[in-house]
Amino acid sequence: MARHFNHLVIMRAPGLLPMLYTPRELEDELGIPALTIREWIKQGMPHERDARGHLWINGVTFAGWVEQVQKTKSQITLAADEAYCLKCRQAVKLSDAQPSRLAKLTVLHGICPNCGGTIHRGV
C-alpha cells in the first residue's frame with residue numbers, strides 16, 4: 001500500500017465535481033501523470049468501466065478515497081520498538097537502537113532491517 005499524495009492532490013481533490021472523469025481529465029485537474037492514476041487503480045482507487053471498457057472515475061468518490069487514505073496514513077501508531085522508515089515508507093522494528101540527546105529531545109537511531117538505511121525515532 002504505497003500510496004503517496006502530493007500536496008496538489010490533497011488540496012484539489014475535494015474540489016472535484018460529482019461527475020465522471022477520464023484518467024486524462026483527472027490528470028489535468030490534479031496536475032499528476034496518468035500513470036500515477038493507473039497505479040492507484042491497481043491499489044484500490046474506486047473506478048468503473050463502461051460497456052466499451054473505458055475507464056471512469058467519479059470525482060466525489062475519488063476525493064473521499066483520498067481523504068480516507070490520508071486519515072489511515074496519519075493514524076499509524078508505532079509500538080515502542082518500532083520506527084517509520086522514510087525510504088521503505090512503512091513501520092519497521094528498530095534494531096540496534098542507540099539513544100542520543102538532541103537539545104531536550106532523546107532520539108533513538110537504528111538501522112532499517114529492510115533497506116539498511118538509518119532510521120530515527122523521538123522518545
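The structure is a prediction, so local features need pLDDT of at least 70 and side-chain atom pairs count only at pLDDT 80 or more, while totals for chains, interfaces and linings use all residues. Residues are numbered from 1 along each chain as its sequence is written, and side-chain values use heavy atoms, with hydrogens and water left out.

The strands come first. Here a strand is a DSSP run of E with at least two residues, a helix is a run of H or I with at least four, and both are numbered from the N terminus. Two strands count as paired if DSSP finds at least two bridges between them.

Strand β7 (residues 105-111) runs antiparallel to β8 (residues 118-122), and 5 bridges join them. Across this pairing, H109 faces H120 in β8.

Now for the rings. Rings of Phe, Tyr and Trp (its six-membered ring) make an aromatic pair if their centres lie within 6.5 Å; planes under 30 degrees apart are stacked, over 60 edge-to-face, and the rest tilted. The structure holds 5 such pairs. In one of them, the ring centres of F5 and W40 are 5.0 Å apart with the planes at 70°, so this pair is edge-to-face. Because F5 lies in the segment before α1 (7-12) and W40 in helix α3 (residues 34-42), the pair ties together parts that are 35 residues apart in sequence. F5 is buried (under 20% relative accessible area, with over 50% exposed and partly exposed in between, using a 1.4 Å probe and protein chains only), at a value of 4%. W40 is buried too, also at 4%.

Another pair is F62 with W65, which is tilted, at 6.0 Å centre to centre and 40° between the planes. Both residues lie in helix α4 (residues 59-74), 3 residues apart, or about one turn of the helix, and both are buried. Put together, ring pairs link F5, W40, F62 and W65 into a cluster.
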